[in-house]
Amino acid sequence: MQIKVTLKAPVDYIYRQLLDSAQADIKQQTGHPAPRQSLQGYRYTKKWANGLSGQLTITHAEPGQRYAYELETPRDYYGVDYQFTSTDANQTVLAYAETFLGKDKKTQANNRIGVMLLGWFRKRRFKKMMSQMAASYYE
């Protein structure tokens with residue numbers, strides 16, 4: 001899934017919001033604060049309420065340019081990549097890419113069906129969430 005959206009907030013603000021979210025997740029999952037230096041290369045175990053867990057690795061943490069991570073669960077590999085471009089002082093173009101690959105044929109088939117059925121809703125929800133994040137800059 002790929003999404004490109006223009007947000008009415010500076011690139012540094014949008015990047016900081018994503019990083020704050022990542023740091024809060026790290027603290028919640030590990031019980032320890034995120035490292036003060038760059039998060040690039042940081043790895044931790046993420047657990048969900050349904051009992052599923054996976055290894056999350058932050059692959060890129062380049063301020064104002066890119067934030068990306070990989071997540072490996074027992075069934076899937078996920079890759080998420082946020083890339084930022086500043087069009088002017090108060091506007092950001094965000095390119096979001098999400099890939100996932102099932103570890104077996106059944107999981108791959110389920111993933112394809114899920115993308116077909118839920119892709120539009122997920123894109124809509126993502127755009128709304130990012131727009132709300134950008135709108136908080138002016139509050």
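1. How many residues lie between strand 3 and strand 4 in their hairpin, and which glycine in the turn has a positive phi? Three residues separate the two strands, and glycine 64 has a positive phi of about 70 degrees. Strands here are DSSP runs of E with at least two residues, and helices are runs of H or I with at least four, both numbered from the N terminus.

2. On the basis of the note: this is a predicted model, in which local features need pLDDT of at least 70 and side-chain atom pairs count only at pLDDT 80 or more, while totals for chains, interfaces and linings use all residues. Residues are numbered from 1 along each chain as its sequence is written, and side-chain values use heavy atoms, with hydrogens and water left out.

3. Strand 3 (residues 53-62) pairs with strand 2 in the antiparallel sense through five bridges; two strands count as paired if DSSP finds at least two bridges between them. Serine 53 of strand 3 is the bridge partner of lysine 47. These strands also form a hairpin, with five residues between them, and glycine 51 in that turn has a positive phi of about 95 degrees.

4. Strand 3 also runs antiparallel to strand 4 (residues 66-72), with seven bridges in the pairing. Leucine 56 has leucine 71 in strand 4 as its bridge partner.

5. Four salt bridges are found in a search of the whole structure; the criterion is a side-chain nitrogen of Lys or Arg within 4 Å of a carboxyl oxygen of Asp or Glu. In one of them, arginine 16 meets aspartate 20 at 2.9 Å, N to O. Both residues belong to helix 1 and are four residues apart, about one turn of the helix. Arginine 16 has a relative accessible area of 37% and is partly exposed; aspartate 20, at 34%, is also partly exposed. The accessibility classes are buried under 20% relative accessible area, exposed over 50% and partly exposed in between, with a 1.4 Å probe and protein chains only.

6. A salt bridge also joins lysine 46 and aspartate 25, whose closest N and O atoms are 2.8 Å apart. This pair links distant parts of the chain, with lysine 46 in strand 2 and aspartate 25 in helix 1, 21 residues apart. Both lysine 46 and aspartate 25 are buried.

7. Between arginine 66 and aspartate 81 there is a salt bridge with the closest N and O atoms 2.8 Å apart. Because arginine 66 is in strand 4 and aspartate 81 in strand 5 (residues 76-88), the pair ties together parts 15 residues apart in sequence. Arginine 66 is partly exposed at 22% relative accessible area, whereas aspartate 81 counts as buried at 16%.

8. The structure has ten aromatic pairs. Rings of Phe, Tyr and Trp (its six-membered ring) pair if their centres lie within 6.5 Å, and planes under 30 degrees apart are stacked, over 60 edge-to-face and the rest tilted. Tyrosine 67 and tyrosine 69 make a tilted pair, 6.2 Å centre to centre with 55 degrees between the planes. Tyrosine 67 is buried at 6% relative accessibility, and tyrosine 69 is partly exposed at 22%. Ring pairs link Tyr67 and Tyr69 with Tyr82, Tyr96 and Phe126 into a cluster.

9. Arginine 36 sits in the loop between helix 1 (11-30) and strand 2 (43-47) and counts as exposed, with 86% relative accessibility. Arginine 36 and phenylalanine 126 are 90 residues apart in sequence and 28 Å apart in space, C-alpha to C-alpha.
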